[in-house]
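Visitor: I would like to learn how to read a model of this kind, one feature at a time. Could you take me through it, giving the general idea before each case?

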Amino acid sequence: MAEPPTPSAPPPAPDSGVEPVIEVRDLVAHYGARRILNEVNLTVMPGEIMVIMGASGSGKSTLLRHLLGLRRPTSGTVRVLGKDINRIPARQMHALRRSMGVAFQGGALFGSMTVGENVCLPLREHTKLDENTMRIMSRMKLEVVNLGGFEDLMPSELSGGMTKRAALARAIIMDPRLLFFDEPSAGLDPIAAAELDDLILRLRQAMNMTIVVVTHELVSAFKIADRITVIDEGEILMTGTVEEVRASDNERVQNLLHRRPRDELVDADDYLRRLTR
Amino acid sequence: MTVRALRRFVEGLGRRTLRGVEEFGYVAALFAETLYWLVLGRRRLQPVRPAAVLREAMHIGIQAIPIVSVLCLAVGVMLAIQGIETLKTFGAQSKVVIGIALSVTREFSPLIVSILVAGRSGSAITARIGTMQESQEIDALRVIGINPVRYLGAPMLLAMLAMVPALTVLGDVMGILGGGLYTGLELHVPLAVYAERALAALHVDDIRQGLIKSVVFAAIIALVGVSNGFQVRGGAEGVGRATTRSVVLSISFIVLADMIFTYFLNR
């Protein structure tokens, strides 16, 4: 397999004065009375691959939903491409969505449409292109994700890895500036997962996109990330380059890296109280 | 102990009432949003697509034609049997035509058609939207910039509003025909004579009454179906629960609304 390509120029540093693509400030989120995100801060710079890494239940998926504008925060701001997505009018949000692509964990392809129609859908809704042009464009994107010739299949006929790649093709059909990818390697065999990692790196180089990947897979995170944000129990533990994360002396970060179970400090009294409540 | 039980009962009642009010508000908001997209969608560059409405109309209406025909025919025969038996007591069996024509158009056809559509299509709507909710397809629509109510809800409501009254008209014809077939066999009335008498007995108001009801029932089925679909939580089991709930609620609301409408339309 070919060496994964490296970007021609490194993305600008967070404090370089360049406007960030995503800027999250003091984000607090609740599900009912339960606090899921606690004062989360996050900055993603143009052209970088930011991996949000955490165990399941850490709040990373909730954070993603806030970045996508699918949930409203209790407090705090989320700025995407310079716009506060919880304050802008619906029309502007609609326009902003054209610059954002999302590949969901399970693919979220529409079961009643063929793969090609799925990939075309954003074009159909946002542009006035004729059928032929749309078909050619969707074929192009399917070629990019190595799914050339699969456009007439139904999503149910695809394997797990193919579904994720088809979802990726749909996410990039509008040539977005910002791509979100939820758990690219979850549920895939190691080879399919590695292929997807290479694809993400290739995409960044070819299309100069900013990419946010949410994952719990360490191997994948270390391979693709420019910077990693480690999230645990709704708090950002640290944000840094792969080396910085590896070298971190934060115990919870190290626990995650070395797949150590969380320290369970069992207080006997508290334990009894919980049981007899 | 009894105080505690009583308190729990009152608390439960309060919670359920609150949830009911909340859900009613949700359905009302959904209805308003659907109307918004139907009227202003084109200006917002998000039109409700005629192709989607047609596709729904096929599922809800065209494919239901055989079963609606059979059921309404059966209801017509049943009404004729009962009517002739009852009217025999007064020696007035020939008046059965009036009874069949009026009860089919005013009551049975809209009711049978709506209950059938609730079971057939209301459940399908909930299951489809619910499954899409669970597989993040609704989220995918939203991030693509497609409003799910505009894309899924509005075509379903529009198709329902068109097809349930249309099926009701079909049901009217089949119900009266069914009555005619049995009456012909039992009382030896030729079908042409029966049809003439049935038409003479019917006023435009009778048909209109049935159609007004069917429009209301259509809105109930669509709104209950769509709202239950969007509120699905908890995987396949959640989809199943929501589907059952959708059918039970639709049919209950249809029967209740029927009672209320019949009262007001006949005074």
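Visitor: Which residues have the most contacts inside the largest nonpolar core?

Guide: Before the case itself, please note that this is a predicted model, in which local features need pLDDT of at least 70, side-chain atom pairs count only at pLDDT 80 or more, and totals for chains, interfaces and linings use all residues. Residues are numbered from 1 along each chain as its sequence is written, while chains are lettered from A and ligands numbered from 1 in the order in which they are written. In soluble globular proteins, nonpolar side chains tend to be buried together. A nonpolar core is here a set of buried Ala, Val, Leu, Ile, Met, Phe, Trp, Tyr and Cys residues joined through C-beta atoms within 7 Å, where buried means that 20 or more other C-beta atoms, placed from the backbone, lie within 10 Å of the residue's own. The largest such core has 138 residues, and those with the most contacts inside it are A:V51 and B:M160. Helix α6 (residues 148–187) of chain B gives the most to this core, with 16 residues; helices (H or I, at least four residues) and strands (E, at least two) are DSSP runs, numbered from the N terminus.

Visitor: What is A:V51 in contact with, leaving aside its neighbours within four places in sequence?

Guide: Contact between two residues requires that their C-beta atoms, placed from the backbone, lie within 7 Å. By that criterion the partners of A:V51 are A:V213, A:T215, A:A221, A:I224, A:A225 and A:I228.

Visitor: Which residues of β3(A) lie on one side and which on the other?

Guide: In a regular strand the side chains alternate between the two faces of the sheet. In β3(A), A:I49, A:V51 and A:M53 are on one side and A:M50 and A:I52 on the other, and all are buried, leaving both faces covered.

Visitor: In what order do the six strands of the open sheet with mixed pairing stand?

Guide: Strands of a sheet pair through backbone hydrogen bonds, either parallel or antiparallel. Pairing is counted here if DSSP finds at least two bridges between two strands, and the order in chain A is β6-β7-β8-β3-β9-β10. The edge strands are β6 (100–103) and β10 (235–240) of chain A, each of which pairs on one side only. Strands β9(A) and β10(A), by contrast, are antiparallel over five bridges, and A:T229 has A:T239 as its bridge partner in β10(A). Helix α6 (residues 190–207) of chain A packs on the sheet, touching β3, β7 and β8 of chain A, and its direction makes about 160° with that of β8(A); axes are lines fitted to C-alpha atoms, for helices over the stretch in contact, and angles run from 0 to 180 degrees between N-to-C directions.

Visitor: Why is one side of β2 and of β5 of chain A left without a neighbour in the sheet?

Guide: Four strands form an open antiparallel sheet in the order β2-β1-β4-β5 (chain A). Strands β2 (34–44) and β5 (83–84) of chain A stand at its edges with a single partner strand each, so one side of each has no neighbour in the sheet.

Visitor: How many residues of chain B are in contact with chain A?

Guide: Contacts join 10 residues of chain B to 15 residues of chain A.

Notes:
Buried ≥ 20, exposed ≤ 12 C-beta atoms within 10 Å, placed from the backbone.
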